[in-house]
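Keep it short and give the cut-offs.

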Amino acid sequence: MTRKHILAPGFFHGTLGRVITWTVITWTVIAAPLLHGQQSSPTESEVKSAYLYNFGKFVEWPAKATSAGEFFPICALGDDSFGSTLETIIAGESINGKKVLVKRVARPQDAVSCRILFISSSEQNQLKEILAALDNTSVLTVSDMPQFTRRGGMIQFVVEANKVRFEVNLTSAERAGLTLSSQLLKVAINVKRSAQSGG
Amino acid sequence: MADLTMFWSRDSSITKRLTRMNMLVSGAALLISCAAFVTYDLVSFREAMVHNLSIQAQIAGSNSVSALLFDDPQTAVSTLSALKAAPNIVSAGIYTPESRPFAMYWRDGAGQSLALPPIPSGQMEAHWFKEDQLVLVRKIVFQGKPSGSVFIRSDLQEMSHRLKRYAGIAAMVLFASLIAALLVASVFQRAVAEPIVHLAELAGIVSRDKDYSVRATSTGNRDEPDILIHAFNEMLGQIQEREGALQQVHRELEQRVEARTAQLAAANKELELRNREVEHATKLKSKFLASMSHELRTPLNAIVGFSDLLAEGVPGELNPKQKRFVNHIKQGSAHLLQLINDILDLSKIEAGQLELHCEHFHMKDALPEVLSTIRPLAMAKNIQVEHMLEIDRPAYADRVRFKQILYNLLSNAVKFTPQDGRISIACAEDEDFVSISVTDTGIGIRAEDQTVVFEEFRQVEGGKDSTHEGTGLGLAITKRLVEQQGGKLSLVSELGKGSRFSFTLPAGAKTTTKTSATDAVSATAPHRAAAAEGRKPLVLIVDDEAPARELLASYLDPEYRTAMAESGAEAVRRAQQLQPDAITLDVLMPGSSGFETLAALRKNPETANIPIIVVSIVDQKQVGFALGAADYLIKPIRKSVLLETIRKHVPYQYDDDAAILLVDDDPKTLELLEETLRSAGYETQSVQSGKRALEVLSSKLVSAVLLDLLMPGMDGFEVIRHVRQDAALKQLPIFVMTGKSLTPEESDLLARETQALLLKNGSWQQQLVAEVERVIRGRKLARSAGQS
């Protein structure tokens, strides 16, 4: 509407005027529904993807981990349900000046260089081995499998009242040399201090 | 404004003013500085407030980042609830990057979530004061990414508290300062205002008490008030000095005035004495004059009167020699009388005792009286006297004196004009004067003598052949008489050719046409025909001297009956007894004076209506008229004057048996009228002109007049006017007979003034006889009824 006011009435008789008019009409018709779709409540995997990325912002890695590599790799192990969502959400983002990168790993050994590793529920039975493999590394382990924090995992997604929340095992994280921001802990629904290791 | 004017009201003293000025200045300074201070403080407080709120917003924002990122509003709410510690914060809110409200905090329980105000692009935060609140909005940026916004609202209570506190402090400071200023002012006042107040008080004392000995005390320090005090003291000293000098002068002046006053009083006393002496002398002189005139005139009166009677042959015919002697006596006594009169006149003029009785009169009316006395003199020398006096303007002067002036000039002219000469009298009118000139063909007067002739007792030497008799007073008196009446007498003359004397008199009003019929005819009036003896009017002559009484009686003899009284008392008695028609009264009589008698006669109702004519040597007309005299004649008098005067006052006695006067210019009409009236038994006399008619009327008694209106010369209207103006003829019946057609005015006049109007149209004769019968018989009846 404002444009109409800006343009002189005679302007619409020219070729350029007509092109602009048509562009405006096309944009309104096609783009508006898309925008509306984006604003509707996000899916669980979308929320989880975003949280994975956000965790990176509230965790401090030891210096040896930060200095290695120029990327900030976020990895997924097992049959995750993200599909391409993770890539879509994270694409183009960076943390502490390092470009975020999504890696799918098949073995725990491949995840050593990852900053954050999402362990799918499908790997529930191999969790002990996975966590053992990552011992002495500074990888933040995240999963949505039950009992994850209790079993030595660091952050576990919990769905509560249709909302995605998370629990933290602070001892596991500290053992890996990671410092979790108080801000993060504040948001967590449960922060465990002591847990069985390697169990 | 009203307060301000009161504050600066002019009557307040300088100390009050100084104090007020002090208070005002310090109060104003304090107020301004307080205001500046408070303003500055408030501005910086506001800045600090914004800064604080911004920090709080930053803290709240950064503490809420994780809650925002992990979509945990509850955590955000608990974070925000930490703001409880800041009681000024009314509400706060966290908003998602999409500006949706995320978490809210309200100080006073729950409230409505407010829409996030927009932040201008490119800015981290924005704030504004709105409705007693400070509102601040701040973006939350985490790791370089906008993560949401914080919105905080704070009330301004702290600021208003602060403001109140400041106002209180300012008021206290102001109050304290003003008290301090008051104290300081009182100190200054003592230093500055006190000398001025002191000076003002002193000035008040000086102006109020006129005490110039007071002095102001010096302050000691050489400041302006001190200079003022010194100058003031110096000034007081000078004034004191001058005051002293002034008082000295004043004292001297007073002494001088006293001395002069005493001198003046002495001089006044002396003057008064002199005045009294002069008054006394004047009185003596007047008395002398009066007695002289009396003593001289009384014998002379007898000489003149009786020689006149002798000359007329009243006591019997004289032989030629006797006649000559009598004439010598007459001439000598006339000259003597003239001389006495002149001397008395002159003395009177010089004594300021000349009485003038001014009236309006026409020259031509007054002239004949003079001419009648001059003509015989002129005729004796065959001198022709001409006069041209045809002017309308009357003179306003003393008629008697006018005649005297004219007589003097004419007799002079006759005296100095040789045989067969000519004298002419001319008259002219000016703006305010009438002038009369008398020109003669006489010997004339030398130029060097022309002023001398007006001096007393000077006669010009006319030559060896001319021995002119005269008193040498005539012209001197004439000149003074003219001048006393406001006129001027002048002379033009050439030796050997003649002289012309001219004099002026004040002119009267133009419209005045007062002409007296008696004057017009009296000059020629001879004796009135004797009426029937029984009806002759009676005149009572009052005089103590027998010759005077006899003379008056002889003057009155043919026309009037006379009775005598020798004194005032007798006069009153006889007047009461006889009821005369008139009284002549002398003034100077032994016993009661004439004036007393006059008053007594006037007071008595039985004699009050009798006309009294004073005949005396004493010229006190004003007294006489004041006492009720009908007229006043001065001895010696001429017969004609006496008769004329008495006629004026004694009503005409109509003789019904006398003739009827017929006046008509047509002889045939006259003849017819004569026939008609004679056959009806009336006497008639016929005249053919108005003038003749008046002559007859003045000399003869008639019973009525039958008058024609249209006549050549004097017409009937004029005759009527003359007749009615003569007091003696007022009641004379007039019948008018005319063929003239009359205007309404003429008809009115005739109806008023005449007894009957007859028209000449055939049958007037019977009417005439009837009218005459009616009037004359009617009057006879009325008289007989009145007498019974």
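## Basis of the model

This is a predicted model, in which local features need pLDDT of at least 70 and side-chain atom pairs count only at pLDDT 80 or more, while totals for chains, interfaces and linings use all residues. Residues are numbered from 1 along each chain as its sequence is written, chains are lettered from A and ligands numbered from 1 in the order in which they are written, and side-chain values use heavy atoms, with hydrogens and water left out.

The size of an interface is often given as the accessible area lost when the parts come together. Chain B and chain A bury about 1,300 Å² between them. Carbon and sulfur atoms carry 53% of that area. Buried area here is the accessible area (1.4 Å probe) that two parts lose on being put together, summed over both. Chain B gives 16 residues to the contact and chain A gives 15. Contact means heavy atoms within 4.5 Å.

Nine residue pairs are in polar contact between the two chains, both residues at pLDDT 80 or more. A polar contact is a pair of N or O atoms within 3.5 Å; within protein, one must be able to donate a hydrogen and the other to accept it, and residues adjacent in sequence count only if both atoms are side-chain atoms. On the chain B side, α2 (14-63), α3 (65-69) and α4 (73-80) each supply at least two residues. The largest share, four residues, comes from α3(B). Helices (H or I, at least four residues) and strands (E, at least two) are DSSP runs, numbered from the N terminus. The chain B side divides into six nonpolar, seven polar and three charged residues. Ala, Val, Leu, Ile, Met, Phe, Trp, Tyr, Cys and Pro count as nonpolar, Asp, Glu, Lys and Arg as charged, and the others, Gly among them, as polar.

## Salt bridges

The structure holds 29 salt bridges over all chains. Three of them run between chain B and chain A. A salt bridge is a side-chain nitrogen of Lys or Arg within 4 Å of a carboxyl oxygen of Asp or Glu.

B:K145 and A:E93 pair at 3.1 Å, N to O. B:K145 sits in strand β5 (residues 145-155) of chain B, and A:E93 in the loop between α5 (85-90) and β3 (94-95) of chain A. B:K145 is partly exposed at 32% relative accessible area, whereas A:E93 is buried at 19%. Buried means under 20% relative accessible area, exposed over 50%, and partly exposed in between (1.4 Å probe, protein chains only). A:K163 and B:D71 pair at 3.9 Å. This pair links strand β8 (residues 163-169) of chain A to the loop between α3 and α4 of chain B. A:K163 is partly exposed at 29%, and B:D71 is partly exposed at 37%.

Within chain B, B:K497 bridges to B:E494 at 3.8 Å. B:K497 is exposed at 60%; B:E494 is partly exposed at 46%. Shared partners join A:E44, A:K48 and A:D144 into one salt-bridge network.

## Helix α13 of chain B

Helix α13 spans residues 568-578 of chain B, and its buried residues are B:G568, B:A571, B:V572 and B:A575. Seen down the axis of α13(B), they fall within an arc of 100 degrees, so they line one face of the helix. The arc is that of the directions from the helix axis to the C-beta atoms. On the other side of α13(B), B:A569, B:R573 and B:Q577 are exposed.

The cover over the buried residues of α13(B) includes β13 (538-542), β14 (561-565), β15 (582-585) and α14 (594-603) of chain B. B:Q579 follows α13(B), with a positive phi near 50 degrees.
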